Amino acid sequence: MSALNSENCSFQYQLHQTHQLLDGNCLLLLIILGKILLNILTLGMTRKNTHQNFLEYFCISLAFTDLLLLVNVSIISYFRDFVLLGIRFTKYHICLFIQIISFTYGFLHYPVFLIACIDYYLNFSKATKLPFKCQKVCYFFTIILIWISVLTYVLGDPAIYQSLKAQNVYSHQCPFYIGAQSYWLSFSMVTILLMGFIISWSEVITLVQAVRITSYMNETILYFPFSSHSYTVNSKKTLLPKLIICFLGTWLPFVLLQVIILLLEVQIPAYIEMNIPWLYFVNSFLIATMFWFNCHKLNFRDMALPVDPFVNWKCCFIPLILHNFEQIEKPISVIIC
């Protein structure tokens, strides 16, 4: 009787453990599917007539990687235990794949940010102007090199290897890597935004109070009047409040979300943290930063610089006369949301 009771307890424990794994796998599938839908929605909301840059192509590669991860996890979840090319795949490989992806995504933030900075620096300085096809090929091989380098580092790092090896021993647990790179990038950008707002808070408030919302040429626009003789872009002090308004006009909800995450110290798995909305947020921040540092070189009337898929920076500074529009006689600056 005691032997039977022991076998029953063991069987019930294994059954309970299997149910836990199945529930966890279903939750992972839902999370990855939700992330892919968010990727599609974000890519669909971008302006189509924008100049392609490094981050644009990297976003596409990230969306493809997420889709590939969903397909792999779905196949393993459906078949549960099968052999492919002499390798046996079980439901525990789902956790292994997610862990490898989490480590890879977690280490991608710094190199992607650095290369995006170099890309915008070269575009703004116009030091080297490659043909469009050559630039496209350069972006493609750079992205492939980044993915291979980071994945090689993850699979070859002894500490990460020991972490993945421990997963085989304690297979009922599946801890995910919480990256520090995205935390410090978010902290730095929020801090810079806060400092910029504090420095120019009076100018920002004055411009915000003058803002109006209307529709012009089938687009929703924010506009605020200014005198034509005050139109200058060669002053960093004058440009800063306009950049802040343009940036926060689009990304304020995302900035508030970053502040909440930082204050509450929310731990988000790295495979969720690296997402396309985050990359476009970084993209807008880098463009605003480059505009501010190179304000003396800007010529918005003849500008052929990288264009933000979400924020129309060029329209923030070009004076535009709207005839018969609420009988406004002064030129106005337009911010297209």
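This is a predicted model: local features need pLDDT of at least 70, side-chain atom pairs count only at pLDDT 80 or more; totals for chains, interfaces and linings use all residues.
**Entry 1**

I began with Ile75, which lies in helix 2, residues 54-79. Helices here are DSSP runs of H or I with at least four residues, numbered from the N terminus. (Buried means under 20% relative accessible area, exposed over 50%, and partly exposed in between, with a 1.4 Å probe and protein chains only.)

Residues are numbered from 1 along each chain as its sequence is written, and side-chain values use heavy atoms, leaving out hydrogens and water.

**Entry 1: the salt bridge**

How many salt bridges does the structure hold? I found 1. Asp66 and Lys35 meet there through their side chains, at 3.3 Å from N to O. The pair links distant parts of the chain, with Asp66 in helix 2 and Lys35 in helix 1 (residues 2-45), 31 residues apart. (The cut-off is a side-chain nitrogen of Lys or Arg within 4 Å of a carboxyl oxygen of Asp or Glu.) Asp66 has a relative accessible area of 2%, so it is buried. Lys35 is buried too, at 9%.

I looked up the UniProt record, an unreviewed entry, which places "transmembrane region" at several stretches, including residues 27-45 and 276-293. UniProt annotations may be inferred rather than shown by experiment. In the model, residues 27-45 are 100% helix, with end C-alpha atoms 27 Å apart. Residues 276-293 are also 100% helix, and their end C-alpha atoms lie 26 Å apart.

I counted 3 cavities of 30 Å³ or more. (On a 1 Å grid over the protein atoms alone, a cavity is a set of points where a 1.4 Å probe fits but cannot get out; lining residues have an atom within 4 Å of a point.) The largest cavity has about 50 Å³ of space. Among the residues lining it are His109, Phe113 and Trp278. Helix 4 (109-125) and helix 11 (276-293) each supply at least two lining residues.

Technical notes:
On a 1 Å grid over the protein atoms alone, a cavity is a set of points where a 1.4 Å probe fits but cannot get out, and a pocket is an open set with protein on both sides within 12 Å along at least five of seven lines; lining residues have an atom within 4 Å of a point. Grid points are joined across faces, edges and corners, and a volume is the space filled by probe spheres set on the points.
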